[in-house]
Amino acid sequence: DRIFRKEGTKVLFWPIQYVKQKTKLLVHHTATTGKLPTTIEEEKKFMKDVYAYHALSNKWWDIGYNFVIMPSGRIYEGRKWGAGVIGAHASWNNTKSIGISLVWNFETIQPQQDQVESLVTMLTALAKKYSIDPQEQKYYFKKSSKSPFIIAEKHDAIAGHRDAGYTKCPWENLYALLPSIRT
């Protein structure tokens, strides 16, 4: 099955891809700077901007993350159809993972308390739904410059994007919270 969506003069096609059993929960940040969205109207505009960047500029059809958590703690569905649909947030790791992104750049600031509380609630619900032990070790895959051009590393089932790729995401101020969040 394929679905399509019209965006102006562009028609975007994407196969509907679901995975019934997810095994990993990956935490991201949006790397956004500037003014934090503080009202529902600003949050909706932010989501439209993320959609335009991911779906139209990157050609991912939709937002890459399954869910996005605002500084207010409000949770938005990023990729249509929620947790079961395959996201576009961590190359070679998307099929069995769910991507949850907190809005902002945590290189320079701490996540908002409401964001962290919503992240814990969401991770708890998803871990229960998919029978994921947050501290169980899972394989994550990264591309390599040496044959066979991919390496596998073990990390916790609830991990940061950096555990599944060569990135600093979600930066240290959020990444450092993951051990206590897993607990």
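This is a predicted model: local features need pLDDT of at least 70, side-chain atom pairs count only at pLDDT 80 or more; totals for chains, interfaces and linings use all residues.
Residues are numbered from 1 along each chain as its sequence is written, and side-chain values rest on heavy atoms, with hydrogens and water left out.

Five strands form an open sheet in the order β5-β4-β6-β3-β9, and their pairing is mixed. Strands here are DSSP runs of E with at least two residues, helices are DSSP runs of H or I with at least four, and both are numbered from the N terminus; two strands count as paired if DSSP finds at least two bridges between them. The edges are formed by β5 (75-77) and β9 (158-160), each of which pairs on one side only. On average, neighbouring strands of this sheet are turned by 25° against each other, with direction ignored. The axes behind such angles are lines fitted to C-alpha atoms, for helices over the stretch in contact, and the angles run from 0 to 180 degrees between N-to-C directions.

Strand β3 (residues 24-29) pairs with β9 in the parallel sense over three bridges, and L26 stands opposite A159 in β9. Strand β3 also runs parallel to β6, joined by six bridges; here L26 faces G99 in β6. Strands β4 and β6 are likewise parallel, with three bridges between them, and I69 has L102 of β6 as its bridge partner.

How many residues of β6 are buried? Six of its six residues are, where buried means under 20% relative accessible area, exposed means over 50% and partly exposed lies in between (1.4 Å probe, protein chains only). In a regular strand the side chains alternate between the two faces of the sheet. In β6, S97, G99 and S101 point one way and I98, I100 and L102 the other way, and all are buried.

Leaving aside residues up to four places away in sequence, H54 touches K59, W60, D62, I63, G64 and Y65. By contrast, the C-alpha atoms of H54 and Q112, 58 residues apart along the chain, are separated by 24 Å.

A pocket is defined on a 1 Å grid over the protein atoms alone, as an open set of points where a 1.4 Å probe fits, with protein on both sides within 12 Å along at least five of seven lines; lining residues have an atom within 4 Å of a point. Grid points are joined across faces, edges and corners, and the volume is the space filled by probe spheres set on the points. Of the 14 lining residues, W60, Y65, A88, H89 and H161 are the closest to the centre of the largest pocket. Both β3 and α1 supply at least two residues of this lining. By class, the lining has six nonpolar, eight polar and no charged residues, with Ala, Val, Leu, Ile, Met, Phe, Trp, Tyr, Cys and Pro taken as nonpolar, Asp, Glu, Lys and Arg as charged, and the others, Gly among them, as polar.

The second largest pocket holds about 170 Å³ of space. Eleven residues line the second largest pocket, and M47, D62, I63, E77 and G78 are the closest to its centre. Helix α1 gives the most to this lining, with four residues. Four nonpolar, one polar and six charged residues make up the lining of the second largest pocket.

Finally, a few backbone features deserve a look. The peptide bond from S147 to P148 is cis, with omega near 10°; P148 sits in the loop between β7 (137-143) and β8 (150-156). Another cis peptide bond joins C169 and P170, with omega about 10°, and P170 lies in the loop between β9 and α3 (171-175). W92, in the loop between β5 and β6, has a positive phi near 70° and counts as exposed because its relative accessibility is 51%. W171, in helix α3, has a positive phi near 60°.

Note on methods: Contact means heavy atoms within 4.5 Å.
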